[in-house]
Amino acid sequence: MNVHFKLTVALLDGIVADLRRPHPFAAERAGFIGCKLTKCSTGTLVLAHTYISLPDDWYVDDERFGCVFNSQAMRAAMQFALTNDASIFHVHLHDHSGLPWFSRPDIRESAQYIPDFWNVKPMLPHGTLVLSADAAAGLCWYPEIKKPIRISRITAVGFPMRFLGGNR
């Protein structure tokens, strides 16, 4: 199954700027992206439309991880999904050049909390993205499939258009 994730250049630039803001104790920031979905000839097209930034007090001081967010962050993302009939994609930044990938804790933890979004939007896929300075990678969970699917293409539309991951 192919998943193509699209967002605007302006939305991407805003997300990256937010994720690069320093935090008093967290080594990295995270956020959520609200998305709409449609079927297309090659699979699923995910259209990102809203970024949910996490306020400083929604982070937990946990030295084991670069970023831990609290239940307020999850409630806000779940409420957004419910109110806006949206898929939710968690996003964070590995600030280097080149194609990023998820750390083992990223994969383990996202496998724990991404399915929680099915409590409010059980028929929609949800997922996670990791951005770098010039690329991106992502995973998408479908309700009927237990393992995540690698997002096959990530595109930022606008000027200049950017092909961030997958079939570049």
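Reader: Which element gives the most to the lining of the largest pocket?

Author: Helix α3 gives the most, with six residues. Before we go on, please note that this is a predicted model, where local features need pLDDT of at least 70, side-chain atom pairs count only at pLDDT 80 or more, and totals for chains, interfaces and linings use all residues. Residues are numbered from 1 along each chain as its sequence is written, and side-chain values use heavy atoms, with hydrogens and water left out.

Reader: Which lining residues lie nearest the centre of the largest pocket?

Author: They are C67, F69, D106, E109 and Y113, out of 21 residues in the lining.

Reader: Why is the pair of F69 and Y113 called edge-to-face?

Author: Rings of Phe, Tyr and Trp (its six-membered ring) pair if their centres lie within 6.5 Å; planes under 30 degrees apart count as stacked, over 60 as edge-to-face and the rest as tilted. The ring centres of F69 and Y113 are 5.4 Å apart and the planes stand at 80°, so this pair is edge-to-face. F69 sits in the loop between β3 and α2, while Y113 belongs to helix α3, 44 residues away. Ring pairs also join F32, F69, Y113 and F117 into a cluster.

Reader: What makes D18 count as buried?

Author: Buried means under 20% relative accessible area, exposed over 50%, and partly exposed in between (1.4 Å probe, protein chains only). D18 has 11% relative accessibility, so D18 counts as buried. R21 is at 34%, and therefore counts as partly exposed.

Reader: Why is the contact between R21 and D18 called a salt bridge?

Author: The rule asks for a side-chain nitrogen of Lys or Arg within 4 Å of a carboxyl oxygen of Asp or Glu. In R21 and D18 the closest N and O atoms are 2.8 Å apart, and by this rule the count comes to six salt bridges.

Reader: What does the salt bridge of D85 and K121 tie together?

Author: The closest N and O atoms of D85 and K121 are 3.0 Å apart. D85 lies in the loop between α2 and β4, and K121 in the loop between α3 and β5, so the pair ties together parts 36 residues apart in sequence. K121 is buried, with a relative accessible area of 16%, whereas D85, at 44% relative accessibility, counts as partly exposed.

How values were computed:
Helix = DSSP H or I, 4+ residues; strand = E, 2+ residues; numbered from the N terminus. 1 Å grid on protein atoms, 1.4 Å probe; cavity = no way out; pocket = protein on both sides within 12 Å on 5 of 7 lines; lining within 4 Å.
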